[in-house]
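Here are my notes on this one, in the order I jotted them down. Have the coordinates open while you read.

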Amino acid sequence: MDCTVDHYTTGMLLSAAGDALGYRNQLWEYNQSGPAIHQELQELGGLKNIKVELPDWPVSDDTVLHLATAEALATAKDGEELLHEVAFRYVEGMKDMEGRKPGPSSILGISQLRPGTEGGYRVPYNPEATGCGAAMRSMCIGLRYPHPNQLSSLVGVAVETGRMTHSHPIGFLGAVASALFTAYAVQRRPITTWGLGLLEEACPVAKTFVQSTRYAVTETERDWDYFTEKWKWYLDLRALSSGTGPVNWPDNYGPAERDEAYKSFSLSGWAGRSGHDAPMIALDALLGAGSDWEELMSRAGFHGGDSDSTAVIACCCWGLIHGIDEVPLYNYKNLEYRDRLESVAQKLYVLSH
């Protein structure tokens, strides 16, 4: 693996930059169509002229909770000690949510955590917890456990930390997907294989892990199939069922067409809102953008759905693969929490290498 500490730093930084850009202080996330956002973007002088800094471009709840996960992992704790540490940092992270719009399952789940007490990192099964709140904060798990022989560790931590708020498999398997795709980016694995790896390698490990924990097994198995079936559908749509490509794209796939496509990925018409389709849109953007940062943001961050949560995943993976040289300095130079992002990236690199 030729992924350096600079790539780790870039992954964490650009993840947060994508979050801030897609969120736009609550103005773009869900509030505009893709074409309207692209029009507004041009009126702002284009992506290269956007200075991502406070007060106009804060990070959302996505980055606050991603940092919480990352900083817990950077303590080098493991097992239940790690899970209590993550739970503690999620509780602390919820104190930093003014103007950041955390989702209902994240608010409810974190309010039920009792870090430091026996089993206090587990919450009751919530059949409504299908959102992307676990997926958007789990990329760093792939930075901590990036090697193929660490798959069981990656999956176990993603499932357990995901279930702290999103106990439905659509929710916590989103955390597995984000962590896995990040590990694949570190491994330099071809992007065309990522979806198949999720279905054939990670999901079976996740199911076995859930059974081994004896927590909400009946409910989880009952609700399991939607995530895997929808991913099979997506891989068929893009001609990636064998993991080889070439990718099958529509003839026209601009902002308006992507808005409609992303809705078809979704659970109920809210593109990127759920645990299965936030990483799905991120992967779609990575497959289509290549090494072009503006094209990545166009696809992952500037659409009519949960644009910050799809961008936070896509931009982390893109940064790990392509580095930061082609990204305008304005897009990250004065990013909120830049120091913390760089610091934790360096710690995770040392722990994982």
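**Notes on the fold and its cavity**

1. Starting with secondary structure: the chain has 16 helices and zero strands. Keep in mind that this is a predicted model.

2. On overall dimensions, the C-alpha atoms fill a box of roughly 55 × 40 × 40 Å along the principal axes. The radius of gyration is 18 Å, which agrees with a compact globule, because a chain of 353 residues would then come out near 20 Å.

3. How much of the chain is buried? Of its 353 residues, 60% count as buried, taking that to mean under 20% relative accessible area.

4. A word on contacts. If you take the pairs in the chain that are at least 6 apart in sequence, 77% of those contacts join residues at least 24 apart.

5. Now the inside. The structure holds one cavity of 30 Å³ or more, and the space in the largest cavity is about 30 Å³.

6. Which residues line the largest cavity? Ser105, Leu108, Gly109 and Gln112 do, along with Val123, Pro124 and Asn126, plus Thr165 and Ser167. By class, that lining has six polar residues, three nonpolar ones and no charged residues.

Notes. Residues numbered from 1 in each chain as written. Predicted model: local features only at pLDDT ≥ 70, side-chain atom pairs only at ≥ 80, totals over all residues. Heavy atoms only, no water. 1 Å grid on protein atoms, 1.4 Å probe; cavity = no way out; pocket = protein on both sides within 12 Å on 5 of 7 lines; lining within 4 Å. Points joined across faces, edges and corners; volume = space filled by probe spheres on them. Nonpolar A, V, L, I, M, F, W, Y, C, P; charged D, E, K, R; others polar. Helix = DSSP H or I, 4+ residues; strand = E, 2+ residues; numbered from the N terminus. Rg over C-alpha atoms; globule rule 2.2 N^0.38 Å. Buried < 20%, exposed > 50% of the residue type's maximum accessible area, 1.4 Å probe, protein only. Contact = heavy atoms within 4.5 Å.
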